[in-house]
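This briefing goes through one structure by topic. Look at the sequence and the fold below before reading on.

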Amino acid sequence: MREVDNANPAILNVSQLPSRSRKVTTPRHGPDSKCDKIVYSKRPWLCGSSSSEDEDLEEDYGEDPVDAQDIYDLISPISDPEHPHTLGQLSVVQLPDIHLSPSPAERRGNALVTVTVDLTPTVEHCSLATVIGLAVRYRLEQTLPPNYRFDVRMKDGSHAQDDQVNKQLGDKERVAAALENDTLKGMLDKMLETCV
């Protein structure tokens, strides 16, 4: 069995993770469920259609643009490949390290949006940093519309080889080749099992 890079990481309780406060316990409709439409949608940009229910909700509540909290909610439940905890619990993904450009307030229509996520590995010599970054990128690509672009990288100084890891994560051809590897794809799918 492979030795764990960080056998004793700091772990946050789920109640310590940033989230929007939700008082509603009935099925959610409205502004607080805007990620549901993204995560659970049939992806009309792929199918070429949209449901009348989605249009009714948009008319009633308006469509709020995706913000950093929404991105955090999408990626923080990803499982760590070495520990039985999520990236949010291990503080690998942190809300202040997620940036969108243009900001939600400045966004108009289907403008091109760049999502930047800085990851902080649990140890600076983490051998699975690239895999974790790939899982975050893969999750975002699978859940957000095509007008979103992603820059997933290691936070400056957080990894011994952050330049090399960032170069790998930023290279679209390397990312595409990695996603064609069945073993790696299986690992990513296992990491994403905890995402709802």
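**The sheet and its surroundings**

Asp 118 stands opposite Arg 153 in β3. This is a predicted model, in which local features need pLDDT of at least 70 and side-chain atom pairs count only at pLDDT 80 or more, while totals for chains, interfaces and linings use all residues. Residues are numbered from 1 along each chain as its sequence is written, and side-chain values use heavy atoms, with hydrogens and water left out.

**Overall make-up**
- The protein has 8 helices and 3 strands (DSSP runs numbered from the N terminus: H or I of at least four residues for helices, E of at least two for strands).
- Along the sequence the pattern is α-α-α-α-β-β-α-β-α-α-α.
- Of the 196 residues, 39% count as buried (under 20% relative accessible area, with a 1.4 Å probe and protein chains only).

**Pairing in the sheet**
- The open sheet of 3 strands has the order β1-β2-β3, with mixed pairing (two strands pair if DSSP finds at least two bridges between them).
- β1 and β3 (148–154) are at the edges with a single partner strand each, so one side of each has no neighbour in the sheet.
- β2 and β3 pair in the parallel sense over 7 bridges.
- β1 and β2 (residues 113–119) pair in the antiparallel sense over 4 bridges.
- Ser 101 has Thr 114 in β2 as its bridge partner.

**Faces of β1**
- In a regular strand the side chains alternate between the two faces of the sheet.
- In β1 (residues 98–101), Ile 98 and Leu 100 point to one face and are buried.

Notes: Buried < 20%, exposed > 50% of the residue type's maximum accessible area, 1.4 Å probe, protein only.
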